[in-house]
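Dear colleague,

The structure is below for your files.

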Amino acid sequence: MVPFAGWSLPLHYEQGHLQSHLHTRRRCSLFDVSHMLQTRVYGRDRVRFMESLVGGDIAELKPGQGTLTLLTNERGGIVDDLIITNTSEDHLYVVSNAGCTDKDLAIMRGRVAELQAAGSDVHLEVSDNALLALQGPSMARVLQAGLPDDLAKLSFMNSITTTVFSVPGCRVTRCGYTGEDGVEISVPAGQAVELAERLLGVPEVWPAGLAARDSLRLEAGLCLYGNDIDETTTPAEAGLLWTLGKRRRAAMDFPGAAIIMAQVKEKPKRKRVGLTSGAGAAGPCSPPCVLTSPGTVTSGCPSPSLGKNIAMGYVEAVHSRAGTALTVEVRKKQHPALITKMPFVPTQYYMAK
């Protein structure tokens, strides 16, 4: 167990990190991600409220549809990355990073107060639900056994409210942080252990911890807030411009829009890239490793799936082309590295036909 953002979280279980990681890729694993902040936004002005903070096109989301979007500051920096779902009920459902809970709530509550003072109808509610993530290629078969709904009709980044293994009032969202087909289940806290035990009662479902979660997300080329993106990086530098809606880009009505859109036009001076190297070269390092381009490694680990080291970092834009050879310094030793397209391992997100 390790401390994380005020929580005590499992680093790994008895199977160990390597086997847990590979099991998720081959079958499926259950992650307890209840540390994530879950909020609900109510009121007729809820979309306008959310779009005053993020660059995503929230208004275009269909009922049950969600999107990854970025909470930005006036300098164009990334305050947090969020998943916002337009529920079929009367609210927006927002999932934020645990490490950003305090600042996210301060920003959202501050904006709610401003809008309410101006006569808008919006209010925020923090959920005390637990959050369980079931991830891996056999997820659908395992979950379908306890679901009245047809999972084949639920596409990536869509959600439903349903009963899961006799636990009512669960929100099942087809998404996750592993690159595999998976779901995140928001479940009433008092029945979270019951549901987790039912899922873990299936022999092919293993519990998985933070170590596997980190190596899986890195293989999938997904950012970790605080490492790969933060308030000093912009969506353009991070390769996350796809999170900005076309209408929002044109309107430039979100925090930092002028700076971000200027970077789109002029191209950023640095870019987030993937890196691969031989054994012992681009493993975890703290403080961040140095690249000769110059640049910085922000995440790195030995890839259980690929048998080589993978990393993510920022380099000068002129050195960012895939196939470019660089040198990475780890613990005062120089190692060759190659800029590599991400994801390192192909993603398996499910799109309903």
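The residues lining the largest cavity comprise six nonpolar, two polar and two charged (Ala, Val, Leu, Ile, Met, Phe, Trp, Tyr, Cys and Pro are nonpolar; Asp, Glu, Lys and Arg charged; the others, Gly among them, polar). They are Leu9, Pro10, Phe31, Asp32, Val33, His35, Ala208, Gly209, Leu210 and Arg213. A cavity is a set of points on a 1 Å grid over the protein atoms alone where a 1.4 Å probe fits but cannot get out, and lining residues have an atom within 4 Å of a point.

This is a predicted model, with local features needing pLDDT of at least 70 and side-chain atom pairs pLDDT 80 or more, while totals for chains, interfaces and linings use all residues. Residues are numbered from 1 along each chain as its sequence is written, and side-chain values use heavy atoms, without hydrogens and water.

The largest cavity holds about 60 Å³, and three cavities reach 30 Å³ or more; a volume is the space filled by probe spheres set on the points, which are joined across faces, edges and corners. Strand 3 (28-32) and helix 6 (210-219) each give at least two residues to the lining of the largest cavity (DSSP runs numbered from the N terminus: helices H or I, at least four residues; strands E, at least two).

Helix 6 also packs with helix 1 (residues 17-26), at an angle of about 50° and with axes 9 Å apart (axes are lines fitted to C-alpha atoms over the stretch in contact; angles run from 0 to 180 degrees between N-to-C directions). Helix 1 and helix 6 are therefore oblique to each other (under 35 degrees is roughly parallel, over 145 roughly antiparallel, 65 to 115 roughly perpendicular, the rest oblique).

Residues 295-345 are listed by UniProt, in an unreviewed entry, as "domain: Aminomethyltransferase C-terminal"; such annotations may be inferred rather than shown by experiment. This stretch is 0% helix and 59% strand, with its end C-alpha atoms 24 Å apart.

Regards

Definitions and conventions
1 Å grid on protein atoms, 1.4 Å probe; cavity = no way out; pocket = protein on both sides within 12 Å on 5 of 7 lines; lining within 4 Å.
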